[in-house]
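Subject: Structure for your review

Dear colleague,

Please find below the structure that I am handing over to you.

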Amino acid sequence: MFATNHVLSGVVIGRAFERRPLTAFAVGLASHLVLDMVPHWGCEMKDPEGRNRFLAYARRDGMLGLAVTVGATVAVHPRARVATLAAIAGATLLDADKPALYFWGRNPFPRAVRRLHTWAQNEAPERLPNEIVFGASCAIADAVIAARGRRRPDAS
Ligand SMILES: [Zn+2]
């Protein structure tokens, strides 16, 4: 699943557990595996062309994910900020293996974690529309959260 989608769903989790950042982090972490089980896009990594395509998408996805993280952190109610960041950190942690492998040639996670992460994958090259619809639904939920957060008085 795109990192951006993990970030977008992290915002929803951060709002749900806005007073409990540690819980938000843990739920974010679990949500990563759940989201990876949702049918999503992935490309053939065995041939160089597939790997190049993956890298091109991964770069854009990384930048977009970072932009959404910053935007969401600013947009949510200040009270939910720490939990939102914690949830996003939890939701994206497992995908740190990709940049780590790319830059340092090493997967930082223990074998059991790697096996679980691989097992959860439900990807296929033709599923880009699934991934986009899923991301768009999360983005709408995030926009509602941000708009409500702004209207909510601090005292509530
Ligand atoms: Zn993943």
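Predicted model: local features only at pLDDT ≥ 70, side-chain atom pairs only at ≥ 80, totals over all residues.

Residues are numbered from 1 along each chain as its sequence is written.

The axes of H1 and H3 come within 8 Å and cross at roughly 15 degrees (helices are DSSP runs of H or I, at least four residues, numbered from the N terminus; axes are lines fitted to C-alpha atoms over the stretch in contact, with angles from 0 to 180 degrees between N-to-C directions). H1 and H3 are therefore roughly parallel (angles under 35 degrees). In H1, Ala3, Thr4, Val7, Leu8 and Val11 meet residues of H3, including Asp61 and Gly62 (contact requires C-beta atoms, placed from the backbone, within 7 Å).

Asp61 lies in helix H3. Asp61 counts as buried because it has 22 C-beta neighbours inside 10 Å (the cut-off is 20 or more other C-beta atoms within 10 Å). Beyond its neighbours within four places in sequence, Asp61 is in contact with Phe2, Ala3 and Thr4.

The largest nonpolar core has 25 residues, of which Ala24 and Ala87 touch the most other members (such a core is a set of buried Ala, Val, Leu, Ile, Met, Phe, Trp, Tyr and Cys residues joined through C-beta atoms within 7 Å). H4 gives the largest share of this core, six residues.

Yours sincerely

Methods: Buried ≥ 20, exposed ≤ 12 C-beta atoms within 10 Å, placed from the backbone. Helix = DSSP H or I, 4+ residues; strand = E, 2+ residues; numbered from the N terminus. Contact = placed C-beta atoms within 7 Å. Parallel < 35°, antiparallel > 145°, perpendicular 65-115°, else oblique.
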